[in-house]
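Please open the structure in a viewer and keep the selection tool at hand.

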Amino acid sequence: SVSSIVPESCLLIVVGLLVGGLIKGVGEKPPILKSDIFFLFLLPPIILDAGYFLPLRPFTENLGTILIFAVVGTLWNAFFLGGLMYAVCQLGGPGLNHIGLLANLLFGSIISAVDPVAVLAVFEEIHINELLHILVFGESLLNDAVTVVLYHLFEEFASFEQVTILDIILGFFSFFVVSLGGVLVGVIYGVITAFTSRFTSHIRVIEPLFVFLYSYMAYLSAELFHLSGIMALIAAGVVMRPYVEANISHKSHTTIKYFLKMWSSVSETLIFIFLGVSTVAGHHYWNWTFVISTLFFCLIARVLGVLVLTWFINKFRIVKLTPKDQFIIAYGGLRGAIAFSLGYLLDYKHFGMRDMFLTAIITVIFFTVFVQGMTIRPLVDLLAVKKKQETKRSINEEIHTQFLDHLLTGIEDICGHYGHHHWKDKLNRFNKKYVKKCLIAGERSKEPQLIAFYHKMEMKQAIELVESGGIGKIPSAVSTVSIQNINPKTLPLERVLPALSKDKEEEIRKILRTNLQKTRQRLRSYNRHTLVADPYEEAWNQMLLRRQKARQLEQKMNNYLTVPAHRLDSPTMSRARIGSDPLAYEPKEDSENLPIITIDPASPQSPESVDLMSEEPKGCSGLPPSPEDDEEGLVMRVKEPSSPGTDDVFTPGTSDSPSNQRMLRCLSDPGPRPEPEEGEPFIPKGQ
């Protein structure tokens with residue numbers, strides 16, 4: 001019940017305090033966590049476990065954010081804290097005046113780095129979501145290079161009589177040497193491990209030993225040259241894992257997995273217990289001003305750094321970091337045994353205030369581990385921060401994830417934008433084409449492992465059935481010599497299938513994930529700048545433009561020439577109208593000289609039914625036009641229905657004469673005359 005409230009790391013420190021108190025109570029001197037023991041024996045297993053089982057996809061997707069937090073954030077914390085502590089020492093009275101700027105900057109570089117051991121111990125218990133976990137844990141792993149550089153830099157500067165600009169420039173470049181050199185050492189040993197595991201098929205027992213041996217050699221080689229041993233271990237674990245797991249046996253894989261977990265758990269337990277014991281055994285110098293200022297400025301620097309850097313990072317991230325995420329990242333910046341060991345390494349000759357530094361470091365470690373570590377779980381529940389998904393993703397989800405990766409790679413290629421999907425695809429192809437053939441043994445270097453695994457399972461099942469006496473289930477491939485020694489027994493009623501273990505299920509899932517989704521490879525890469533122009537594209541565009549213009553002109557002419565048809569009334573309504581006003585419907589005297597439009601009653605709405613029977617300009621008979629004629633305009637008459645035996649289409653009518661057709665053409669093409677004004681009739685009067 002206590003461990004559900006208090007993190008395990010806090011309980012281990014309490015146990016260490018009790019053990020140290022008992023040892024001191026009986027008059028003995030408690031052991032102190034020496035830096036050599038910590039850096040050479042206790043830290044490497046934890047880092048190797050973290051690097052070997054690092055979730056590579058979320059780590060690479062968020063690598064930019066992690067590097068900004070690890071590099072820029074750690075530099076900000078170190079210089080902000082060192083500068084403010086220097087100001088406190090200058091104003092703090094006679095006990096602090098002798099502490100110079102370099103000593104305070106060295107102290108800031110020690111105390112500013114987030115500790116991977118403390119983060120692992122706390123964050124694995126609260127089951128925070130994958131994004132926040134990889135951001136904080138990745139920062140704690142990668143900031144080791146910054147810490148190592150700053151620590152050795154300020155330690156060297158403390159022995160100089162005068163620090164020049166050249167020294168500062170060389171110190172800046174040493175950061176790249178330490179970080180990239182550590183990664184290079186790790187990659188070299190990772191490749192050597194993978195290559196060695198290719199030839200261990202006949203000595204499976206020592207396969208796990210090569211993994212541990214080469215990883216430890218990578219760490220020692222990096223530390224030998226003052227490079228980042230943590231980054232070397234991470235790089236070695238990440239590089240060797242896919243090739244080693246393809247070469248080694250399943251039992252060796254299980255051994256590596258559980259031995260690493262056990263080894264890192266033991267190291268973590270010893271680190272926190274020794275931290276408690278060393279607190280009781282060490283020499284302390286308590287200065288209220290220095291210790292409280294250190295604690296306060298550590299918290300302020302962390303919060304300010306996270307807020308400013310997140311504001312900058314969110315400008316480039318698709319998935320933004322919310323205020324809740326920022327709070328958890330700032331609150332999860334725990335300090336641990338790395339800071340204590342670096343402080344313990346300080347030389348009394350150059351740093352006479354080492355005891356006060358160690359006291360302040362232990363205070364910050366205890367505050368972050370106890371206060372922040374104990375309250376982060378209730379705060380996560382209170383803020384409703386997304387938790388880690390406990391169930392594994394299905395094969396369907398994994399295949400669709402790979403499909404989306406290939407889709408995004410194709411989109412980037414078409415757009416001519418070389419994003420991280422493009423480079424990841426290039427790296428995967430290079431890996432499949434060259435690296436796997438060199439580092440993976442036999443047929444396993446070629447991708448299809450599914451059929452081989454199926455044969456392996458079938459053979460194992462056949463052997464189990466033979467041993468259990470199921471003669472009827474023996475496959476035909478078994479030789480007759482081996483069957484002679486088997487006593488036939490009655491067939492079992494039901495075939496009992498052996499239950500798959502979790503490791504076997506995980507192996508099946510892995511093989512399905514890597515084999516089911518295959519994409520057709522492109523023959524050549526291309527982008528939008530190198531596409532060949534279609535020779536017919538211009539002709540098609542011209543044709544479409546001409547067709548569109550013709551359609552618009554036809555629509556405009558229809559709107560211009562079509563006369564709306566008069567709505568026909570029923571016979572009853574017509575008689576009622578004529579009876580009510582006979583003069584309005586009486587034909588005029590000169591109606592023979594007016595143009596007549598006949599309308600087919602069958603489809604009065606269609607413009608094709610309008611037929612110009614006789615159309616003459618008014619005033620052609622020599623009579624002056626009357627005002628009634630001007631107002632009247634056109635007279636519309638109903639076309640008489642044709643006889644049943646005639647054909648409306650092919651029988652020539654009165655409208656088919658050449659003069660009528662000529663008039664029809666003249667009306668359909670009015671020419672360049674200006675648009676008629678509002679009061680002007682459609683057909684102009686004859687002169």
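The stops below concern helix contacts, a surface patch and a salt bridge.

This is a predicted model, in which local features need pLDDT of at least 70 and side-chain atom pairs count only at pLDDT 80 or more, while totals for chains, interfaces and linings use all residues. Residues are numbered from 1 along each chain as its sequence is written, and side-chain values use heavy atoms, with hydrogens and water left out.

**Stop one: helices 15 and 16**

Select residues 337-344, which are helix 15, and residues 354-383, which are helix 16. Helices here are DSSP runs (H or I, at least four residues), numbered from the N terminus. The two pack at an angle of about 175 degrees, with axes 9 Å apart; axes are lines fitted to C-alpha atoms over the stretch in contact, and angles run from 0 to 180 degrees between N-to-C directions. Helix 15 and helix 16 are therefore roughly antiparallel, a term for angles over 145 degrees. Next, display Ala339, Phe340, Gly343 and Tyr344 of helix 15 with Arg354, Leu358, Ile361, Ile362 and Ile365 of helix 16, the residues that make the contact (heavy atoms within 4.5 Å). By class, seven are nonpolar, one is polar and one is charged; Ala, Val, Leu, Ile, Met, Phe, Trp, Tyr, Cys and Pro count as nonpolar, Asp, Glu, Lys and Arg as charged, and the others, Gly among them, as polar.

**Stop two: helix 2**

On the helix 2 side, Ser35, Phe38, Phe39 and Leu43 meet Ala337, Ile338, Ser341, Leu342 and Tyr344 of helix 15.

**Stop three: the surface patch**

Which residues form a nonpolar patch on the surface? They are Phe160, Val163, Ile165, Ile168, Ile169, Phe172, Phe173, Phe176 and Leu180, with about 890 Å² of accessible area together. Patch residues have over 30% relative accessible area and no salt bridge, and nonpolar side chains are joined within 5 Å; areas come from the Shrake-Rupley method with a 1.4 Å probe, with only the protein chains shown counting as cover for residues. Ile168 lies in helix 9, residues 165-197.

**Stop four: a salt bridge**

Finally, select Glu61 and Arg57, which form a salt bridge with their closest N and O atoms 3.3 Å apart (a side-chain nitrogen of Lys or Arg within 4 Å of a carboxyl oxygen of Asp or Glu). Being four residues apart in helix 3, residues 56-61, they are separated by about one helical turn. By this rule, the count is ten salt bridges.

Key
Angles under 35 degrees count as roughly parallel, over 145 as roughly antiparallel, 65 to 115 as roughly perpendicular and the rest as oblique. Patches are made of residues with over 30% relative accessible area and no salt bridge: like charges are joined within 9 Å, nonpolar side chains (Val, Leu, Ile, Met, Phe, Trp, Tyr) within 5 Å.
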